[in-house]
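Take a look at the chain below. Keep the sequence and the 3D view side by side as you read.

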Amino acid sequence: MEDALSEHSVFLYGKCSVFPIYIASCVYMSWVFSFIVNIAFPMYMTARLNNRNITRLRVYEFCYTVHHDKVTDILNAIFLSVPDSLLMLLMLCSSGYMVCILYRHKQRMKHIHRSNFSFRFSPEFRATKTILLLVSTFVFFYTISCLLQINMSLAHNPTSLLVNMCFIVATSFPTVCPFLVICH
């Protein structure tokens, strides 16, 4: 039988006080990076006026931007989608890591439970099910949102339907998530 205090857990116990500093600095760095990437939107957006000449304008429902060339639009779409993709990959890796930790915990605690104990009703299974449900829902809505955002950034004159769909899909996960947590 394995010792309760392994070298790994003693190492992590000594480092736990340092983790909040790293997390805070990563959050601030992510915020600054997001701010830098998205600074172009308020700089180039203006209120929609009754202009008749809209050949060089990308018209949205209540505002418009100056239409750039196709290369600038593609670069803008890439700069907006790469950080989202990297952060989604990071979230998938961290969720997979949590599921692996729960599986290892279940394997270690197997000798404590009765022989007729079913894993389907264990706290580890419920936590794994909730993690997988939340991650799959997030990835589904976020992927659709990213694809719609890329489509909207490449469209010359996005329709109000596309703009409203982007808004609805972007707000779907924060709306659905609490209900998923309550139900499971």
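**A walk through the model**

Cys146 is buried, with a relative accessible area of 14%. Cys183, at 63% relative accessibility, counts as exposed. A disulfide is a covalent bond between the sulfur atoms of two cysteines. How many disulfides does a search of the whole structure find? The search finds zero. The test for a disulfide is a pair of cysteine sulfur atoms within 2.5 Å.

This is a predicted model, in which local features need pLDDT of at least 70 and side-chain atom pairs count only at pLDDT 80 or more, while totals for chains, interfaces and linings use all residues. Residues are numbered from 1 along each chain as its sequence is written, and side-chain values use heavy atoms, with hydrogens and water left out.

The mean pLDDT of the protein is 76. Of its residues, 68% reach 70 or more. Where is confidence lowest, and where is it highest? The lowest mean, 55, belongs to helix H1 (residues 7-15). The highest, 87, belongs to helix H5 (residues 123-154). Over residues 1-5 the pLDDT is below 50. Beyond near neighbours in sequence, that stretch has four contacts in the model. A contact means heavy atoms within 4.5 Å.

Now the overall plan. The protein has seven helices and three strands. Helices (H or I, at least four residues) and strands (E, at least two) are DSSP runs, numbered from the N terminus. From the N terminus on, the order is α-α-α-β-β-β-α-α-α-α. The protein has 184 residues, and 22% of them count as buried. Take the contacts between residues at least 6 apart in sequence: 58% of these join residues at least 24 apart.

Next, the surface. The accessible surface of the protein comes to about 14000 Å². Carbon and sulfur atoms account for 72% of it. Such areas come from the Shrake-Rupley method with a 1.4 Å probe; for residues, only the protein chains shown count as cover.

Stay with helix H4 (residues 70-108), where Val71 has its place. Val71 is exposed, with a relative accessible area of 55%. Gly96 is partly exposed, at 32% relative accessible area. From Gly96 to Leu132 is 36 residues along the chain, yet their C-alpha atoms are separated by 8.6 Å.

Move on to helix H6 (residues 160-170), which holds Phe167. Phe167 is exposed, with a relative accessible area of 57%. Its C-alpha atom is 9.6 Å from that of Gln149, 18 residues apart along the chain.

End in helix H7 (residues 172-183), where Pro174 lies. At 54% relative accessibility, Pro174 counts as exposed. Pro174 and Phe138 are 36 residues apart in sequence and 9.0 Å apart in space, C-alpha to C-alpha.

Notes: pLDDT = per-residue confidence, 0-100. Buried < 20%, exposed > 50% of the residue type's maximum accessible area, 1.4 Å probe, protein only.
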